[in-house]
Amino acid sequence: MNLTGTVRIDKRTKNLVRRIQPGEIAIIVHEDLDAVAAENLVEKQVAAVINCCRSITGKYVNRGPYVLLDAKISLIDDVGADVLNHIYEGNRIEIRNNHIYLNGKLIATGILQSYELLNHQNQIARENLEQQIEQFADNTLRYMRKEKSLLYGDLKTKELPVDMAGKHVLVVVRGADYKKDLLALQNYTREKRPVMIGVDGGADALTEHGYKPDIVVGDMDSVGDSTLRSGACLVVHAYEGGEAPGANRLKEMGLTYHTLCAPGTSEDLALLLAHERGADIIVIVGSHFSMDEFLSKGRSGMASTFLTRLRVGSILVDAKGVSKLYESSVPPMLLVYLIIAAIVPIIAIIAVSPLAQQFVRLFRLLFNF
């Protein structure tokens with residue numbers, strides 16, 4: 001493989017995809033490259049991806065790098081962090097197979113990934129699976145004792161201006177298949193008009209699909225400025241001790257916000273918020289349910305998610321289930337239009353038929369008209 005292009009560099013992939021342009025080369029620092037990050041890079045039509053870390057470490061089975069290869073995007077892996085001392089954003093570099101050149105000088109060598117190599121790395125992960133599950137389960141049980149307040153705690157949400165009592169609430173997380181799920185929910189959102197909550201980047205996902213989020217929940221580190229200024233109610237996720245890192249950005253932007261303190265993830269907070277405000281049904285898009293999904297986010301357990309699901313489970317529905325209920329439904333007005341469309345040609349045919357006058361005479365005789 002021989003490729004020349006301009007580079008964009010960021011230690012956080014979700015920040016990089018905001019500014020990278022089609023045909024440019026992405027340099028990332030992303031251990032265990034997850035599927036959502038890979039899909040975002042594919043969407044940006046990057047020419048190649050250079051990862052300073054290993055895209056599959058063997059901690060768990062990871063499908064993320066396959067997304068790049070399926071899109072015919074080359075992935076050069078494990079080049080080392082030292083490459084960041086030699087290449088700067090905007091430089092033009094050349095890639096020859098697994099070698100990286102700047103101004104004709106070799107500055108880094110990595111692993112040019114292939115399906116065969118990825119399969120081998122994931123096989124190692126499968127062999128370590130039992131150990132990973134045991135460790136994951138232990139951490140989950142240990143943190144459940146610490147986070148048990150999720151089952152009965154009061155979030156103190158009365159000051160929030162959004163009414164959810166008795167309504168459907170749609171919670172969007174920028175997770176696996178979130179785009180497909182949002183597209184599949186078009187009939188549902190048109191009919192039910194749910195209150196829409198975007199969790200961090202999930203708020204941008206809503207705006208990208210033509211919706212306006214009613215609430216944005218999270219650390220506010222992966223939400224676009226335009227979404228934050230859209231008029232949505234902004235809820236900063238504060239952690240134990242009151243630390244709320246997302247508040248600084250909103251202060252700098254001069255935006256009004258609310259702070260809610262809760263253990264666990266911002267996704268958990270969004271579900272608890274909807275439940276506490278009396279939502280009738282909560283539909284969730286892009287949620288994290290499996291161990292693999294949690295490990296891809298760097299979490300060693302899922303205590304908060306387990307406890308949150310226990311609390312809100314009776315009204316929580318996954319988007320995939322809802323989309324199946326609505327995929328074959330036909331709006332009533334569409335049926336009316338179809339009937340009219342079928343009747344009009346029949347009337348026209350009768351009107352121009354030679355028998356039309358005879359039908360009129362017969363009608364008059366029958367009804368003395």
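Me: A residue is called exposed when its relative accessible area is over 50%, and buried when that area is under 20%. Which exposed residues does the face of α10 turned away from its buried side carry?

Reply: Good place to start! This is a predicted model, and in it that face of α10 carries Lys-251 and Glu-252.

Me: And which residues of helix α10 are buried?

Reply: In helix α10, residues 246-253, they are Gly-246, Ala-247, Leu-250 and Met-253.

Me: What makes you put them on the same side of α10?

Reply: The arc they cover around the axis is only 125°, so they lie on the same side of α10. A helix repeats in a way that helps here: with 3.6 residues a turn, residues three or four places apart point the same way. As for what covers the buried residues of α10, that includes α9 (225-228) and β12 (233-238).

Me: How many residues of helix α11 are buried?

Reply: Nine of the 11 residues in α11 (266-276) are buried, so this helix is mostly covered. Among them are Ser-266, Glu-267, Asp-268 and Leu-269.

Me: Why is the pair of Tyr-66 and Tyr-115 called tilted?

Reply: Let's take it in two steps. Ring centres must lie within 6.5 Å to pair, and these are 6.2 Å apart, so they do pair. Planes under 30 degrees apart would be stacked and those over 60 edge-to-face; here the angle is 40°, so the pair is tilted. By this rule the count comes to one aromatic pair. It links distant parts of the chain, with Tyr-66 in helix α3 and Tyr-115 in helix α4, 49 residues apart.

Me: How do you know whether Tyr-66 is buried or exposed?

Reply: Its relative accessibility is 4%, and the cut-off for buried is under 20%, so Tyr-66 counts as buried. Tyr-115 has 38%; that value falls between 20% and 50%, so Tyr-115 counts as partly exposed.

Me: What lies over the face of Tyr-66?

Reply: Arg-63 does, at 3.9 Å from the ring centre. Elsewhere, the charged end of Arg-96 sits over the ring of Tyr-101, 3.9 Å from its centre.

Me: Why is Glu-24 called buried?

Reply: Glu-24 has a relative accessible area of 10%, and buried means under 20%, so the word applies to Glu-24. Its place is in the loop between α1 and β2.

Me: What joins the side chains of Glu-24 and Arg-8?

Reply: A polar contact of 3.0 Å joins them, and the cut-off for such a contact is 3.5 Å. Leaving aside neighbours within four places in sequence, Glu-24 is in contact with residues including Thr-6, Arg-19 and Val-46.

Definitions and conventions
Residues are numbered from 1 along each chain as its sequence is written. This is a predicted model: local features need pLDDT of at least 70, side-chain atom pairs count only at pLDDT 80 or more; totals for chains, interfaces and linings use all residues. Side-chain values use heavy atoms; hydrogens and water are left out. Buried means under 20% relative accessible area, exposed over 50%, partly exposed in between (1.4 Å probe, protein chains only). Helices (H or I, at least four residues) and strands (E, at least two) are DSSP runs, numbered from the N terminus. Rings of Phe, Tyr and Trp (its six-membered ring) pair if their centres lie within 6.5 Å; planes under 30 degrees apart count as stacked, over 60 as edge-to-face and the rest as tilted. A charge sits over a ring if NZ of Lys or CZ of Arg is within 6 Å of the ring centre and within 35 degrees of the ring normal. A polar contact is a pair of N or O atoms within 3.5 Å; within protein, one must be able to donate a hydrogen and the other to accept it, and residues adjacent in sequence count only if both atoms are side-chain atoms. Contact means heavy atoms within 4.5 Å. The arc is that of the directions from the helix axis to the C-beta atoms.
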